[in-house]
Structure formats: C-alpha cells, structure tokens
Amino acid sequence: MLGKGLKRKLSDYEENMADLSSAFDSSRNLPYPLKRQLVLNMCLTKLQTYKMLVEPNLHRSVLIANTVRQIQEEMRQESSQQPINVCNGIASHSLSYPGIDSPGISLHLPSGSNQPESNCCSSWSGEGPIENSLLMVSDDDMSSAISSILKDLDFMEDISPPSCLAPAGDEPKLPENACLKPEVRQDLKGAECVFGSFEISNSTSYLKDLAIDDIFEDIDTSMYDSDFCSAPLMASRTPPTATEETLKTFPSCNSSSTTNIQICRPDLSELDHIMEILVGS
Amino acid sequence: VGCPLGEEAVDWCLYQLNGAAQFEVSEADIISTVEFNHTGELLATGDKGGRVVIFQREPESKNEPYSQGEYNVYSTFQSHEPEFDYLKSLEIEEKINKIKWLPQQNAAHSLLSTNDKTIKLWKITERDKRPEGYNLKDEEGKLKDLSTVTSLQVPVLKPMDLMVEVTPRRIFANGHTYHVNSISVNSDCETYMSADDLRINLWHLAITDRSFNIVDIKPANMEDLTEVITASEFHPHHCNLFVYSSSKGSLRLCDMRASALCDKHSKLFEEPEDPSNRSFFSEIISSVSDVKFSHSGRYMLTRDYLTVKVWDLNMETKPIETYQVHDYLRSKLCSLYENDCIFDKFECAWNGSDSVIMTGAYNNFFRMFDRNTKRDVTLEASRESSKPRAILKPRRVCVGGKRRKDDISVDSLDFTKKILHTAWHPTENIIAIAATNNLYIFQDKVNSEMH
C-alpha cells in the first residue's frame, strides 16, 4: 500500500489485494501472466462491487470493462497461438467472484504446462500470498460481468423520465457508435455473443439476486409502525450485515416495503417533491 | 499590473487561507469546484454540501495596504439540495460539480452552478440603498393614518448596509440522464452547454423547458459502450465551436454550423500511444479529466492522469507540448488502481497570458509549467508550509537516488490530500487552490508588493 493511502475497512481480502498491488508495482520478477491475472482479478472485483451499488459510476465502469476486454483479447490471442494455456480458460471450478468480505478465495495453482513460463510457475510455488490469490476465470464469465454491468446501467437509465429534447434537426442519429473503431467492434462481437443466456440469468436488478427476506431481517421496523415516521424512511441506512457495507443505501427496501410506506404519514415536503415531479414544474 | 509573466521567475506567497483546520473537516465542506469570474473580482467555490461561497476582492485603498486585494466572503447560499429520484430509487448528490460565471451585462452578477443532474442560474444583486420617505407607509412599513399626511414627499434613496441577494432565476432540470461533468457558457452569452457521460445539451439561458441535444455517443446497445465524455468547453471566441474530451484520451472539436447533431467531429485530436509506456492501465491513465481552451483560443490544455498537454487547434496528430506532472507514479499504477486513486480527476488552468499552466497533484502539491522557459515548479498548499506573505518553497519528490533535505519520497506521499480544483485569475498572478475543505489564495509576491 502506498504511503498513507485511503482509510479502508480492514478485511483480509482487501489487505491481500493491497499487498498484491504493491508486489505488482515493486517486483520486476513477477511473470507477465501473473501480473495480468492479478489485474484481471482486480478489475472483476471492482465490477462486481459496482454491480452491487445502486448507481455505478459509468466512467469507471467503462474504463475497467475496457481493461478486462483488453486482457481478455490478449489471452484469447495467446490461447489461439498455443494449444495448451496455463492461465486461461480452465474453468474447472465454478466461478466465485471475491466479494468484499468473502473469506474464501478459490485457490488454484496452474498445473504443469508447455508454456515457457512453466519454469516461473514452479519457482513461485513458494510465494504464498500471490499464488493463493489466483482466481481461475473463464472468458464467458468475464464477458458476462462486463455485459451485465453495462446492461444494468442501460436498464436504469431507460426507466428515467424522458428528457426534454427538442427535435435534433435534420440530421438522423447515427446508428453506430461513432467512437468505436470498426476492427475493434468485430473482435468484441466474438466476446459478446456469449452473453446470450447470461443476460437473462444475470438479472438487471440486484434485488433479484438477494433474498428479499434477508434484507429486511435485521432492520428495525418498529418505527414504521408508528404514526410519526417520516424521517426513518431515509434514516434507516445502518447496514446490519457486512455485505451491505457496499450498498450505498437501501432504496429498494423503501420501494419494496410498500405496506410500510402506506402506514407512514409522509412528510409534506416529500409530497411536494413528488408533486413537482409529476407536474414537471 | 503585476510583473511581466514568463520573463521573471514568479515567487508565490500565501495570501489568505479560508476553511477550518483539518481535524474539523466534514464531508460537506469539501470544496468541489473553484472559479474566478471574468474580471477576477469575484471568486466562487462550490462544495459537496451543495453550497456556493462567493468571495469578492476588496478594492485597493492606499489607507490599508495589507487588506488590498483581499478576497472576502461576499455571499453564501445553498445552491443544490440532495434529491431523491423516486423512479430509480436513487439519491442525487447535492455536490456542486461545476460553476461557471456569465459575463456581466448589468449591475448584477450571474452564475451557473450544477450538480449531477440539474443546472441552476443564479443572479447576485447588491442592495446598498433603500428608499425612505414613503407617503403611505411609515419607516416600519405600517400604513400611515391618512389624516396625518399633510403633504406629499418624494421618497429618497438613502444608503444602507450592503445586502447581497442571491436568487435562482432559472432551473434547468431533466436534461440529463447521466451525470453532468461540465458546463460551458457560449461567447454569444445567450446559450450554454452541459455535458454528461454520453450526451451534450445546448440550452438557451432564458429557456428551461427545452434543450437541444448536440452530441450523443450512447450506442444502441449499451454493451457496446467503450468510451464516455469526460469534459467539454465552448471556444472562447467562436460561438459555433466546442470541444469535448473522452475517456480514451481523444479530443473532438465540433462545429455547430456543420450539422444540428455534432456526433461527427470536425477535428479529432489524438496522440498515438507510446508503445514503450504500454501497460494494463494505459487506457485508464489516458482518460482526459479536464480540457480548457487558452485565452487566445488558439490552444487547448488537457489533463490526464500523469501529464498535461498543450494542443494546437491546427494540429490533430499530437500535442505540441507534454508536461509530466508526476511521472514517478508510473511505477505505482497498480496500487493506485487498487485504491481507486487512478480515477481521480484533476483540473488544469492557464494563466492570463497563456504562458504558464497549472494543475494539482497529491500530497497537496500543485505544479506550474512555464511554456516559454520550460521551467516547472512544485508547490505545496498546506498550513504548515505556508506562512502568510512568506514565499512558497518549491518542493521536490525524490524517486530514489540522491535525496536532498526536504525532499519527499514517493512512498511518503499522502494520496488522500489531492488538489483536484485550481483556478487562475484571468489577468493577474493570483491563484486559488482547493485542498479538501480549505481554499488557498496565493499571490505573486511582486504583485502584492506593488499595491
């Protein structure tokens, strides 16, 4: 970890990642595939974290997704050149993305290969923390991670109120993304055609991923039962469990607990706010 | 006024410091934008709590030599409040992302302030006189008994204590689905644009229920998204030209005369990647965090994670100048990626004569590059190192090898102390530096002594 850095929750996983990134930066002897795998892990972790946020940062998500794509492409090219590849595509384990607090990171040492790096492989069997954090991830899973997060963003944006746009004039809107170079598009098509089933199963709302009952288990709803309850709708943000530290807020709880909302007497200012939205003033 | 820029080395000294000491910081006080107005008389800051504070420079007076040119608080107001988007179950932050001043057209000042979603036009007026001597009301405003009124008088304007009134004149809402990252007032003084991650809208300052979409890079399929808009600005003189920067490090100059929808750029400014510097993080560090036209309109200044670059509008293939802000971080990119510092968005600024450029860095350092002499300097904005009126000592970061006294090693840098927002007075050597919740105003020593 660099210098004084940012204040962070101390969890084993995070400390591990900090050590790894320091190792990445300081060590010149780290073999390239290992470095690449490390970066890939970090990217996927971040994407997974963002997926759990109510509103992921689009700029960052795109940058990270591009990095993943780049690594993916590189690995794909390598695997197409050499039939047996150590660090790529061996998805013998079911995928487990390291959550922020999940203690178990799947361990998988690359087992023998014809790669020139095989010498390095055996030499780093002694470097405990680095090899223990290798995560075997398949292409499909990477692509699905990217697609699901971008899909999530699209889903969220589509339900927004229509923006007030005047007709944009004579020029028809360009159907293609003008910024994307044609040759890259073709490469990505290969990556994204695996999205098929993943798009459906990786639901566009994180609500479906979590057991709804679990969310409400720890929340004290006694305040909702009383008459005076306008404030708690927003105030009940204390995250009862570790995973919920990553969630910015519990808006889903508010919107799902419709019965609770009906019990509460909404604040006048909130009504005004709603009216403003409806009337569009 | 001031020493000739670029001809002599400028000595900077702390002029004033506003803001609480570090241990009292609340997140809402963190300054999120700084902007001088067109004359430099006013300086506006926005913070994470949605407040705007405007400072006004005291006019010079021979009677009190030390309070000349001091920026005093002129007005404070709550610009944006946190909002809750009920449709998406999202909270919209009240943090002020950008403030832009409108050129002054009458006695009032106007500025635009924006958070992630809504842009507001504020009018700032002064009241230093009030009418006295009404016929029908008395001094407290109560109606007079008409039988006591025996003669008519003309109300007279009498001086009163200065009152600064700020009123919201326009609210430009619902124009953006994504987060607004920049706003820019057109030189025609009638329109302005606002840019979010994927779209740029053109507004008329007087019309709030309608905006024109002039750039849209949202792909039909979001999965195809690989690039977002990071900053945009109108050309200072040509009201039809604007530039926007992208997360891939490119700049697009667009001409609104060419078509209504400016998805096709007129010019694309892009530097091919240096293969020797290639890393996993190359794209991330190439993302442009800020773009500013020079005052002359001939050049553009861009900031990406490690460099600032000067581009000539006539040359699209590469920048004409590249300055390393903190190249020693190049070997730390993985750690900076891990702790998200690699996504920090630093701003950049030109001085009044376009001869010096400035940008912030970590550890409360900020850097200045003189384009003519090619000299650069690293200065620090911190209470410990800035005594009022004392000249700022240049700082140095050592990367191993010989270490001089007072050097800081790369590993000792504090990455939580970042100078993201800086502003330069439009004509004089006065700079405003935002360090977390503190606003530092530095002046050129010669400049301040001449008054």
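**View 1. A lysine from chain A meets a tyrosine ring of chain B.** In this predicted model, the charged end of Lys46(A) sits over the ring of Tyr337(B), 5.0 Å from the ring centre.

**View 2. Inside the largest nonpolar core.** This core has 52 residues, and Tyr337(B) is among those with the most contacts inside it, along with Phe281(B), Tyr305(B), Leu329(B) and Ile342(B). To belong to a core, a residue must be a buried Ala, Val, Leu, Ile, Met, Phe, Trp, Tyr or Cys, joined to others through side-chain atoms within 4.5 Å. Buried means under 20% relative accessible area, exposed over 50%, and partly exposed in between (1.4 Å probe, protein chains only). Helix H2 (residues 32–52) of chain A gives the most to this core, with 8 residues; helices (H or I, at least four residues) and strands (E, at least two) are DSSP runs, numbered from the N terminus.

**View 3. Who touches Phe281(B)?** Leaving out residues up to four places away in sequence, Phe281(B) touches Phe24(A) and Val39(A), plus Leu333(B), Cys334(B), Tyr337(B) and Ile342(B). A contact is heavy atoms within 4.5 Å.

**View 4. Two ring pairs in chain B.** Rings of Phe, Tyr and Trp (its six-membered ring) pair up if their centres lie within 6.5 Å; planes under 30 degrees apart are stacked, over 60 edge-to-face, and the rest tilted. The whole structure has 19 aromatic pairs over all chains. Phe36(B) and Tyr71(B) go edge-to-face, 6.0 Å centre to centre with 70 degrees between the planes. Phe36(B) is in strand S2 (residues 31–36) of chain B and Tyr71(B) in strand S5 (residues 71–78) of chain B, so this pair ties together parts 35 residues apart in sequence. Tyr192(B) and Trp203(B) have ring centres 6.1 Å apart and planes at 5 degrees, so they are stacked.

View 5. Where pLDDT is low, the predicted coordinates should not be read in detail.

**Notes.** Residues are numbered from 1 along each chain as its sequence is written, and chains are lettered from A and ligands numbered from 1 in the order written. Local features need pLDDT of at least 70 and side-chain atom pairs 80 or more, while totals for chains, interfaces and linings use all residues, and side-chain values use heavy atoms, without hydrogens and water.

Key
A charge sits over a ring if NZ of Lys or CZ of Arg is within 6 Å of the ring centre and within 35 degrees of the ring normal.
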